[in-house]
Amino acid sequence: MLRKTWVLAILGLALIAVAVGCGGDADKVLVRLTDTEGAIEPREIAVGYVNERLDRMPPHLVPDMSGDDGKKAFLEEIIQKELLVILGHRLGIQNEPDLTQVLALYKDNKAEEMFVQEMVYDPAEPSDQDVVEYNELRDTAVELLQIVVNGEEIAWGAYRRITEDGEDFGDVAREISIAHSAANGGEMDSKLWPDLHPVVSMHVGDAEIGDVIEPVEIGGPHHIYKVVGKKSPQEPAPLDEQRLAGITSECRLFNRTLHEYELNTQMSSGSKLEYNDAALNLVAERIGDEIDRVIPDNVAELSMEERMELARIPLIPELTEEEGAMELLSYVVGGDDRVWTLGDFRGIIEATPGIEGPKTDDPYGLKLFVWRKVREELVDYEVERRGYRNTQDVADYLEQRREEFIVNVAYEREVNQKIEQPGGQEVRDYFRSHRDDYAEPPKVDLRQVILATEAEANLIYQRLTAGEATFEEVVEAHSIDGWSKPRGGLIANYLQ
């Protein structure tokens, strides 16, 4: 259908063989698409554009480059995309408000990504010395006692009780720690140095047996550790070619986590965030009222779908006009003082998708929600100050996303929405004649950890079989797969 709408002037078909997989002449035009109505400027496909598209493709989608047929098929996919762009312009999709909103969201996300790249990823690239030092500590085994509490004041109070008042670490852990290890006096399983959070690892690396590490905030709660055992190998494993790749990957991830932690710490300190405890406790109480109203007593008996529906309900506190005017918190962004009233807080919850809003009446949990919103303001300020949104990289990125939007909408309207829906008998007949295609194959749930080298995989395998770490701990510390790692490596319903 599309080929009947436009005239395609194909230039130099012999060049298709060199269009993909080689440098070639980047400006050499392979195809020119001309709108017969003259409403759209001719669109040209050059060698450089084809190679750029190839570079952006995930490895598993890269076409077979063994022959000209594969290269030609890849080029034809690009031509189809260009035809849809022209069709989309004829339909006026480029002028739709939805496109403007989508591009604004993409612009913000890309600019923030560039900020994180500069502040976290780029400086985290390990030097040769970083890799050597990491390797020297890599196989150090440590034994720790742990206290985890919500609140900085509580943490420092516990630290002073142990270091100044001489109280036993285990007794304090049993009394106040919220970690699972509290029942055992804070005793943790023996761990290798890199299996700890990098912030803890940095302290443990220089600590001696018996040292109590000052409180550190990790993910909200504050942690206190006491070193009770530490054993390093006599000689670090040699950095041969196989081990070097795996250790470099680990060191890079280690550095990234440290830089991200330092960035958050700097932003938190610079924001000078302070709370009005009376207002915080009041709004926590009102959210508790909403929890009692919305969440049924038999929630544990509900299905996952029913619980997800409950999670989507926003918990909006009921406030009087006088209560809404109470100051909840103050902070600083770029030298400007900012204040939230309880009314502002309520408005922010209303503007937040229900599943992302606060689901607790614990003041500490509400502080975590507040910090997430304040951090967004701090990052937005830095993005604007550094001018990321006005860079050429962002402009090029938005052009790609703009064309993707036009292509997707054009295809949806001119293809998907014009497909006649099959009737019940047609569906039954099709199923009966294709029954084997719908047979449910055997499946299994599994966890995976993807590593950089076979040597590293063998080391991890030995640790797992020896019971030195759980699979989830290994995934968190070492997996290089961004999709399964946040799920503890879990892949559900994997085909056997």
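The accessible surface of the chain, in a model that is predicted, comes to about 28,800 Å², of which 49% belongs to carbon and sulfur atoms; such areas come from the Shrake-Rupley method with a 1.4 Å probe. Of the 496 residues, 37% count as buried, a term that stands for under 20% relative accessible area, with exposed meaning over 50% and partly exposed lying in between. Local features need pLDDT of at least 70 and side-chain atom pairs count only at pLDDT 80 or more, whereas totals for chains use all residues. Residues are numbered from 1 along the chain, and side-chain values use heavy atoms, with hydrogens and water left out.

The secondary structure comprises 19 helices and 12 strands, taken as DSSP runs of at least four residues (H or I) and at least two residues (E), respectively, and numbered from the N terminus.

Under the rule that a side-chain nitrogen of Lys or Arg lies within 4 Å of a carboxyl oxygen of Asp or Glu, the count comes to 29 salt bridges. One of these joins Arg286 and Glu323 at 2.7 Å, N to O; because Arg286 lies in helix H11 (residues 277–294) and Glu323 in helix H13 (residues 321–324), the pair ties together parts that are 37 residues apart in sequence. Glu323 counts as buried, at 14% relative accessibility. Within helix H17 (residues 424–433), Arg432 and Asp429 lie three residues apart, about one turn of the helix, and their side chains meet in a salt bridge of 3.7 Å, N to O; Asp429, at 40% relative accessibility, counts as partly exposed. A network of salt bridges links Asp108, Asp380, Glu384 and Arg389.

Technical notes: Buried means under 20% relative accessible area, exposed over 50%, partly exposed in between (1.4 Å probe, protein chains only).
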